[in-house]
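Student: I am new to this structure. Could you walk me through it?

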Amino acid sequence: MENNSKSNLCPIASIQTKHSITFCSVSHPQLPETVFTAFPTIYIRLHGRTKMFYSDYTPEELGKINDVILQHKSKPVFIYFNNTASTAGILNALELKKLSR
């Protein structure tokens with residue numbers, strides 16, 4: 001489940017935890033950079049931080065995501081690069097793949 005509103009983030013998250021539903025962590029220019037790890041699966045959608053669907057993520061930002069992955073090796077992790085209106089998503093996916101080796 002993806003939520004793109006700050007207002008109902010906490011109530012939804014507590015219901016999802018209770019029912020073992022995974023919450024989608026969303027990287028969006030108007031939302032906080034939170035990666036939710038309390039769920040059975042970690043799912044992250046990267047839309048671009050400064051310009052939706054176009055902007056890339058720095059190696060430092062990708063490194064932080066990789067750190068989260070490494071801290072939760074026992075859980076499945078899915079990352080959806082949705083910043084693909086340019087080549088940013090493809091290049092970011094390749095960079096994260098390189099970091100994860």
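Student: How far apart are the closest N and O atoms of Lys98 and Glu95?

Tutor: A salt bridge needs a side-chain nitrogen of Lys or Arg within 4 Å of a carboxyl oxygen of Asp or Glu. Lys98 and Glu95 form one, with their closest N and O atoms at 3.7 Å.

Student: Before we go on, what kind of model is this?

Tutor: Residues are numbered from 1 along each chain as its sequence is written, and side-chain values use heavy atoms, leaving out hydrogens and water. Local features need pLDDT of at least 70, side-chain atom pairs count only at pLDDT 80 or more, and totals for chains, interfaces and linings use all residues, because this model is predicted.

Student: Is Lys98 buried or exposed?

Tutor: Buried means under 20% relative accessible area, exposed means over 50%, and partly exposed lies in between, using a 1.4 Å probe and protein chains only. Lys98 has 55% relative accessibility, so Lys98 counts as exposed.

Student: Which other salt bridge does the structure hold, the one with a 2.5 Å N to O distance?

Tutor: The structure holds 2 salt bridges. One partner here lies in the loop between strand 1 and strand 2 and the other in the loop between strand 2 and helix 2, so the pair ties together parts that are 16 residues apart in sequence. With 2.5 Å from N to O, the side chains that meet are those of Glu33 and Arg49.

Student: How many bridges join strand 1 to strand 2?

Tutor: Two strands pair if DSSP finds at least two bridges between them. Ser25 stands opposite Ile44 in strand 2. Strand 1 and strand 2 run parallel, and the number of bridges joining them is 4.

Student: What distance separates the end C-alpha atoms of helix 2?

Tutor: The expected span of a helix is 1.5 Å times one less than its number of residues. Buried residues of helix 2 include Leu62 and Ile65, and their cover includes strand 2, strand 3 and helix 3. Helix 2 has 13 residues and should span 18 Å, which agrees with the end C-alpha distance of 18 Å.

Student: How far apart in space are Pro40 and Pro76?

Tutor: Pro40 lies in the loop between strand 1 and strand 2. Among its contacts beyond four places in sequence are Ser20, Lys75 and Pro76. Although Pro40 and Pro76 are 36 residues apart in sequence, their C-alpha to C-alpha distance is 7.8 Å.

Methods:
Helix = DSSP H or I, 4+ residues; strand = E, 2+ residues; numbered from the N terminus. Contact = heavy atoms within 4.5 Å.
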